[in-house]
Amino acid sequence: MITVDLSGPQGNAFALMGIAKQLADAKGLDSKVIIDEMTTGDYDHLLSVFENYFGNDVLLENGT
């Protein structure tokens, strides 16, 4: 399980999209589709989509 601190540099939307791409590629998923879906809304939507696809592999924490 990977832990991402949303209050740190990894919590940046671009960093999360990078993590999503790496994980999607590793799982054989279409990273473009996932990232396109992540960017159709605000930051909360991005997090929701990320959790939907990778919630079993990544723990998102808010704060230190």
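So, the largest nonpolar core has 18 residues. By nonpolar core I mean a set of buried Ala, Val, Leu, Ile, Met, Phe, Trp, Tyr and Cys residues joined through side-chain atoms within 4.5 Å. Buried is under 20% relative accessible area, exposed is over 50%, and partly exposed is in between, with a 1.4 Å probe and protein chains only. The residues with the most contacts inside this core are Val-4, Leu-16, Met-38, Phe-50, Phe-54, Val-58 and Leu-60. H1, H2, H3 and S2 each supply at least two residues of the core, and the largest share, 6 residues, comes from H1. Those labels are DSSP runs numbered from the N terminus: helices are H or I with at least four residues, strands are E with at least two.

Before I go on, the caveats. This is a predicted model, and residues are numbered from 1 along each chain as its sequence is written. Local features need pLDDT of at least 70, side-chain atom pairs count only at pLDDT 80 or more, totals for chains, interfaces and linings use all residues, and side-chain values use heavy atoms, with hydrogens and water left out.

Okay, H1. This helix runs over residues 13–27, and its 15 residues reach 21 Å from first C-alpha to last, close to the 21 Å expected; the expected span is 1.5 Å times one less than the number of residues. Which residues of H1 are buried? They are Leu-16, Met-17, Ile-19, Ala-20, Leu-23 and Ala-24. They cover an arc of only 160° around the axis, which puts them on the same side of H1; the arc is taken over the directions from the helix axis to the C-beta atoms. On the other side, Phe-14, Gln-22 and Ala-26 are exposed. The buried residues of H1 pack against S1 (2–5), H2 (31–38), H3 (43–54) and S2 (58–61), where contact means heavy atoms within 4.5 Å.

Asn-12 caps the N-terminal end, with a side-chain oxygen 2.6 Å from the backbone nitrogen of Phe-14. After the helix comes Gly-28, whose phi is positive, near 75°.

Over to H3. Its buried residues are Leu-46, Leu-47, Val-49, Phe-50 and Phe-54. At the start of H3, a side-chain oxygen of Asp-42 reaches to within 3.3 Å of the backbone nitrogen of Asp-44.

Now the rings. Phe-50, Tyr-53 and Phe-54 form one aromatic cluster. Rings of Phe, Tyr and Trp (its six-membered ring) pair if their centres lie within 6.5 Å; planes under 30 degrees apart count as stacked, over 60 as edge-to-face, the rest as tilted. Tyr-53 and Phe-54 make a tilted pair, 6.0 Å centre to centre with 40° between the planes. So is Phe-54 buried or exposed? Phe-54 is buried, at 0% relative accessible area, while Tyr-53 counts as partly exposed at 29%. Not counting residues up to four places away in sequence, Phe-54 touches Ala-20, Leu-23, Ala-24, Lys-27, Leu-29 and Ile-34.

Methods: Polar contact = N/O pair within 3.5 Å; in protein donor to acceptor, adjacent residues only side chain to side chain.
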